[in-house]
Amino acid sequence: MRLLERVTEAIDYFTGRWWFYVAMYVLGFWALPPYASKGYSLGEEVSKVVWTALSHAITYRLVDLVWPSLLLHVVLLLVLVALARWGERASLLFDLYALAEYALLVGQGFAYTEEYGFVVLTGNVLLVSLVAALWAWECVVRRNRVGGPIPDRRRLWVAPLVALAFWSPVKPVLDPYLLLRWLLAGYYGVAYCLTTPVILSILILYYPRVNVAVMRFTAFPGLVFGTYILLAALFGGSKWNALLHVPLVVTCIYALYLSSRRVEPVKAGKGLEVL
């Protein structure tokens, strides 16, 4: 009990300090270069290694297999039904789903590529692992009180963003088969940038009945990832890919804005009381 309280106090303290995010940014995006089994020129090729690895992430194989991706989509819909039907009693189910998702998304930082061999995006793996760890902590302290009637329906503006992130048509094509496949078994659930808008939107809809520390730190890497994608589009990158990352950037910014507001903190739930 005492150890958990100390861990909770530490998490609340660090996630509430701006310099912590500066340190995480430097560590995650500058101080820890990618590892590549075939080697590369440090400095000149770092960005190329990152983009190559991200386009060959091992989690994307779940989309190639179809059924694992389909399962991730179906489970999310079942969680949403549970939240609507059982209200706050389904909060732990949502927490466990988010934990499973971010634990899976750690794998997006690993890739097998022809040019660089086995690649580990060390900084990405660190940051996403920390996000997963915070969701594990949330499953214990259970601060989230999501589900049931939405406190402020004006926040339903996130719904179109959720729909786009869940669908995530990777190419602007008028192919009914591909559009349906991406909707039912696409890249939602296997990519941080496409999964996070959905998870954050649920927290946004039920704020302030949420774990602010988890919401804040989940949004932080997403904002950096999304900003990089948008900036890349300005210098010749894919405009369509940038469009698909708009839900990420918008929900991350809004989540960080909400998390900066002063409200009475949500008390820990049954998970903490039992310990």
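Student: Where is Arg142 found?

Tutor: Arg142 sits in the loop between helix 7 (122-141) and helix 8 (159-167). Keep in mind that this is a predicted model.

Student: What makes the backbone at Arg142 worth a look?

Tutor: Its phi: Arg142 has a positive value of about 55° although it is not a glycine.

Student: Why is Arg142 called partly exposed?

Tutor: Buried means under 20% relative accessible area and exposed means over 50%. Arg142 has a relative accessible area of 25%, so it falls in between and counts as partly exposed.

Student: Which phi does Val66 have, and where is its place?

Tutor: Val66 has a positive phi of about 75°, although it is not a glycine. Its place is in the loop between helix 4 (61-65) and helix 5 (67-86).

Student: What makes Val66 partly exposed?

Tutor: The relative accessible area of Val66 is 32%. The class runs between the 20% and 50% cut-offs, so Val66 is partly exposed.

Student: What is the peptide bond from Tyr207 to Pro208, cis or trans?

Tutor: That bond is cis, with omega near 10°. Pro208 lies in the loop between helix 10 (192-206) and helix 11 (212-234).

Student: Now the overall picture. How many helices and strands does the protein have?

Tutor: There are 14 helices and three strands.

Student: Why is the protein called as compact as a globular protein of that length?

Tutor: Set the value against the rule: the radius of gyration is 19 Å, and the globule rule gives 19 Å for 275 residues. The two are close, so the protein is as compact as a globular protein of that length. Its C-alpha atoms fill a box of roughly 50 × 45 × 30 Å along the principal axes.

Student: What share of the residues is buried?

Tutor: Buried residues make up 47% of the 275 residues. As for contacts between residues at least 6 apart in sequence, 79% join residues at least 24 apart.

Student: How do you know what confidence the model carries?

Tutor: The mean pLDDT is 94, and 95% of the residues reach 70 or more. Over residues 270-275, however, the pLDDT is below 50. Beyond near neighbours in sequence, that stretch has eleven contacts in the model.

Student: Why be careful with such a stretch?

Tutor: Where pLDDT is low, the predicted coordinates should not be read in detail.

Technical notes. Residues are numbered from 1 along each chain as its sequence is written. This is a predicted model: local features need pLDDT of at least 70, side-chain atom pairs count only at pLDDT 80 or more; totals for chains, interfaces and linings use all residues. Side-chain values use heavy atoms; hydrogens and water are left out. Helices (H or I, at least four residues) and strands (E, at least two) are DSSP runs, numbered from the N terminus. The radius of gyration is taken over C-alpha atoms; the globule rule is 2.2 Å times the number of residues to the power 0.38. Buried means under 20% relative accessible area, exposed over 50%, partly exposed in between (1.4 Å probe, protein chains only). Contact means heavy atoms within 4.5 Å. pLDDT is the predictor's confidence in each residue, from 0 to 100.
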